[in-house]
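Q: Could you walk me through this one? I'd like the overall picture and then some local details.

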Amino acid sequence: MNITQAQIGRILTRTCGYLGTVCSHSLQPYRGCAYGNSLCGVGCYAQHIWWVTHGEPWGSFVESRDNAAEAYAREYASERRWAQAKFGKFGIFLSSSTEPFQPLEQKLHITQRVLEAMVERPPDVLIVQSHSHHIADCVDVYAQLTGRCELRLQLSIESDRDELPGLPRSASTVEKRLAAAAAMKSAGLRVTITVAPLLPIDNPERFFSRLSEVADAVIIDHYIDGDGSCNGSRTKRTPLPQAMAAVDPASVTLEYRQRIAQIARQHFPGRVGINAWGFAGDFRE
Ligand code: SF4
């Protein structure tokens with residue numbers, strides 16, 4: 001793993017495309033991801049973005065942005081003004097092309113310091129998006145942010161399986177992520193599970209029943225119309241669809257998402273979001 005440190009000029013990125021329908025800005029405390037060689041890294045869309053990878057293999061590098069909190073404080077007033085004028089809300093997605101709670105965070109606490117800076121200078125909406133059970137490490141800061149902004153804690157659990165045939169295992173096990181969700185919920189925080197991208201689920205009834213014990217809502221995102229490309233073409237270039245089909249051929253169709261969403265709605269009535277609508281906080285059926 002090639003680990004580097006950087007002082008970043010700007011940390012708030014104005015969103016466009018798919019993410020632009022969700023919030024006004026994204027914020028990446030790191031560039032690259034140490035989870036890149038695990039299961040979620042196989043279909044990870046960030047591996048296809050040159051300004052993220054600079055041509056390096058996904059999962060082989062992480063750049064820490066050591067001054068992320070200071071940069072946020074510096075940009076806050078002008079970016080908030082711009083976002084509120086254009087969208088009515090200053091919303092931040094933390095993070096869209098890296099994992100904010102990847103292993104380096106336990107040593108450097110860059111994401112944590114950004115969150116602490118947000119207590120002083122809150123956005124209108126903050127979406128914390130993670131694949132790691134370490135999302136629960138910042139429960140105390142989330143408690144301070146609650147009430148100061150609309151806080152959405154989104155933890156990805158794409159399946160009840162930790163592996164698919166021929167692919168690497170999850171870096172953060174399903175059990176650890178369920179425990180993290182439970183810890184946040186028991187601290188009084190609202191938790192959403194993002195089943196994204198939806199993978200084959202062995203026992204959907206049991207899976208959503210367990211999720212309903214530790215979360216308030218779910219978002220289900222299938223790669224075919226949820227990976228930001230036409231018909232999921234970006235994901236189709238990876239080994240993910242083949243591995244999914246080997247477990248359940250139906251899982252590479254949108255009908256599969258329909259079936260899974262129906263089961264999810266039995267456990268989360270009125271609280272199941274689909275694809276970009278769900279990420280935008282719209283849970284209409
Ligand atoms: S944790 Fe997120 S950014 Fe990292 S490889 Fe997985 S999906 Fe990509």
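A: Helices (H or I, at least four residues) and strands (E, at least two) are DSSP runs, numbered from the N terminus. With that in hand, Pro 197 lies in the loop between β9 (191–195) and α9 (204–214), and the peptide bond from Ala 196 to Pro 197 is cis, with omega near -5°.

Q: What sort of model is it, and how are residues numbered?
A: This is a predicted model, in which local features need pLDDT of at least 70 and side-chain atom pairs count only at pLDDT 80 or more, while totals for chains, interfaces and linings use all residues. Residues are numbered from 1 along each chain as its sequence is written, and side-chain values use heavy atoms, with hydrogens and water left out.

Q: How many helices and strands does the protein chain have?
A: The protein chain has 13 helices and 11 strands. Its radius of gyration (taken over C-alpha atoms) is 18 Å, close to the 19 Å that the globule rule gives for 285 residues, so the chain is as compact as a globular protein of that length; that rule is 2.2 Å times the number of residues to the power 0.38.

Q: And what share of the residues is buried?
A: Buried residues make up 56% of the 285 residues in the protein chain, where buried means under 20% relative accessible area, exposed over 50%, and partly exposed in between (1.4 Å probe, protein chains only).

Q: Back to peptide bonds: where else is there a cis one?
A: The bond from Leu 94 to Ser 95 is cis, with omega near 10°, and Ser 95 sits in the loop between β6 (91–94) and α5 (103–108).

Q: Is Ser 159 buried or exposed?
A: Ser 159 counts as buried, at 3% relative accessibility, and lies in the loop between β8 (150–156) and α8 (174–186). A polar atom of the Ser 159 side chain lies 2.7 Å from the backbone oxygen of Pro 200.

Q: What does Pro 123 touch?
A: Leaving out residues up to four places away in sequence, Pro 123 touches several residues, among them Tyr 72, Phe 90 and Cys 149, a contact being heavy atoms within 4.5 Å. Pro 123 and Cys 149 are 26 residues apart in sequence and 6.2 Å apart in space, C-alpha to C-alpha.

Q: Which residue other than glycine has a positive phi?
A: Asn 231 is one of them, with phi near 55°, and its place is in the loop between β10 (217–220) and α10 (233–236). His 109 also has a positive phi, of about 55°, and is partly exposed, with a relative accessible area of 34%.

Conventions:
Polar contact = N/O pair within 3.5 Å; in protein donor to acceptor, adjacent residues only side chain to side chain.
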